[in-house]
Each structure stands twice: as structure tokens, then as C-alpha cells.
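Subject: Handover of a structure and its findings

Dear colleague,

Please find the structure below, followed by an account of what was found in it. I would ask you to keep it open while you read.

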Amino acid sequence: MSMLINAVAPIALFYGLRAAGVDQWTALMLGLVAPAVAVVHSVITKRRIDMLAGLIVTVLLLSVALSFLSGSPRTLLARDGWITAVAGIWILLTIPRIPYYLYALRTFTGATLRERINAAWRDTPAFRRVMHAGTVIWGSALLLDAVSTVILAYTMPVDSVPLIGALKLVTLIILAEVISQVIFRRKGVPLLPAEPAEPAEPADANSGQDGR
């Protein structure tokens with residue numbers, strides 16, 4: 001859902017508006033609508049502004065302000081890089097407390113495996129290092145995307161940047177997922193506590209009377 005709102009929707013809107021003859025600056029500006037609405041919806045439903053949402057709103061407002069001052073569509077294109085940088089920095093800042101990768105594993109696993117993950121995180125320093133490594137991989141991937149996005153924004157033709165940037169981001173996300181999963185399966189899974197055996201079913205009380 002996040003990818004659809006923050007990547008697919010703005011790109012589809014940009015190229016749709018460009019095909020309709022809308023200028024680059026306006027098409028890019030209207031592409032901010034979906035991410036902005038998503039942040040506002042998150043704030044309303046959660047009734048609080050978390051750190052990531054607050055940072056994204058700040059970056060959006062600053063990019064819009066700078067774009068109005070410069071009138072350049074490239075400033076809006078660079079905005080995608082700043083947002084990705086915010087996400088990457090936020091992920092890295094989670095390392096001292098609850099690493100992002102641990103949070104992701106807890107979110108996308110079943111109750112039994114989640115309990116084993118929590119136990120390994122609590123009791124096994126080596127497992128905590130794996131969680132830190134996964135978090136560093138994801139944060140670094142997003143920071144790499146941020147730097148390359150800003151470079152593309154000021155060097156490539158404006159109309160080609162949104163598509164190239166989206167393909168680049170998807171590629172980096174896939175690489176981060178594959179590398180972090182390989183590390184987790186090779187070094188993290190062996191550190192998980194054994195799954196508790198299911199209790200044996202009680203013997204049939206009437207079995208001893210069979211054959212009488």
C-alpha cells in the first residue's frame with residue numbers, strides 16, 4: 001500500500017497529466033497529493049504525529065516552498081530523494097532501541113514464530129546483531145536511493161526521472177529484502193529457540209478395556 005501511494009500513484013498521475021498536456025511543474029506538484037493525503041489520514045486515524053510522518057510532512061512542505069521560490073520541476077524531483085533519505089535515517093535511528101528489521105519480522109510473522117523471535121531478541125546477543133544488520137541494510141539501501149535520486153533529478157531529462165527513479169527504488173528494495181533474508185535465514189534462524197513440542201494427547205481411558 002505504501003508503494004502504491006508514494007510511488008505508483010504519483011508516477012501514474014505525472015505521466016497521465018503530461019500526456020494531457022499539463023506542464024512538468026504542475027504535474028509533479030499534483031503528484032504530491034496522494035502522499036500528503038496518506039500522511040494526513042495516518043495522523044487522523046492514529047490521533048498523533050509519529051516521527052516518520054512528521055519528518056515526511058516537513059520535507060513535503062519544504063520541497064513545495066522551495067519549488068515555488070525556484071519554479072523548477074527539478075526541485076520537486078529531488079524531493080523524492082529527501083523523503084527517501086528521511087525514511088533511511090529514521091530506520092537507522094531505530095537501532096539503539098527496537099531495530100526496524102525486528103519490527104518488520106514481528107509484523108509479518110505468525111504468533112508462534114513471533115514469540116520465538118521475541119525470546120531470541122531478549123536472550124541472545126548474536127540474534128540482536130542479526131537484527132541490527134538487517135536494519136543497517138534497509139537504512140543504507142534507502143540512503144543510497146536518496147543520493148542517486150537527487151543526482152538524477154539534476155542531471156537527467158525531467159520527464160524520464162520519475163520512471164527511472166521508481167525502477168531504481170524497487171530494485172534497491174528487492175536487493176535489501178533478498179540480502180537481509182539470506183542473512184536472517186543463515187545466521188538468525190539457527191539462533192531461534194526451538195519451537196515447543198505440542199503436548200501429547202491423553203491416552204484413551206477405555207483402551208485398556210478393549211478385548212475384554
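I begin with one residue. K168 lies in helix α9, which spans residues 161-188; helices are DSSP runs of H or I with at least four residues, strands are runs of E with at least two, and both are numbered from the N terminus. K168 is buried, because its relative accessible area is 18% and buried means under 20%, with exposed meaning over 50% and partly exposed lying in between (1.4 Å probe, protein chains only). Leaving aside residues up to four places away in sequence, K168 touches D145, S148, T149 and L152, where a contact means heavy atoms within 4.5 Å.

Two notes on the source are needed here. The model is predicted: local features need pLDDT of at least 70, side-chain atom pairs count only at pLDDT 80 or more, and totals for chains, interfaces and linings use all residues. Residues are numbered from 1 along each chain as its sequence is written, and side-chain values use heavy atoms, with hydrogens and water left out.

As to the chain in general, it holds nine helices and zero strands. Of its 212 residues, 35% are buried. Among the contacts with a separation of 6 or more, 74% join residues 24 or more positions apart. The chain exposes about 12700 Å², of which carbon and sulfur atoms supply 68%; accessible areas come from the Shrake-Rupley method with a 1.4 Å probe, and for residues only the protein chains shown count as cover.

On the surface, L13, L30, V33 and V37 form a nonpolar patch with about 310 Å² of accessible area together. Patches are made of residues with over 30% relative accessible area and no salt bridge, joining like charges within 9 Å and nonpolar side chains (Val, Leu, Ile, Met, Phe, Trp, Tyr) within 5 Å. A salt bridge is a side-chain nitrogen of Lys or Arg within 4 Å of a carboxyl oxygen of Asp or Glu. V33 belongs to helix α3, residues 33-46, and is partly exposed at 45% relative accessible area.

Finally, the aromatic rings. Rings of Phe, Tyr and Trp (its six-membered ring) pair if their centres lie within 6.5 Å; planes under 30 degrees apart count as stacked, over 60 as edge-to-face and the rest as tilted. By this rule there are five aromatic pairs. One of them is the edge-to-face pair of F14 and Y15, at 5.0 Å centre to centre and 75 degrees between the planes. F14 is buried at 2% relative accessible area, whereas Y15 is partly exposed at 29%. W90, Y100 and W138 form one aromatic cluster.

Yours sincerely
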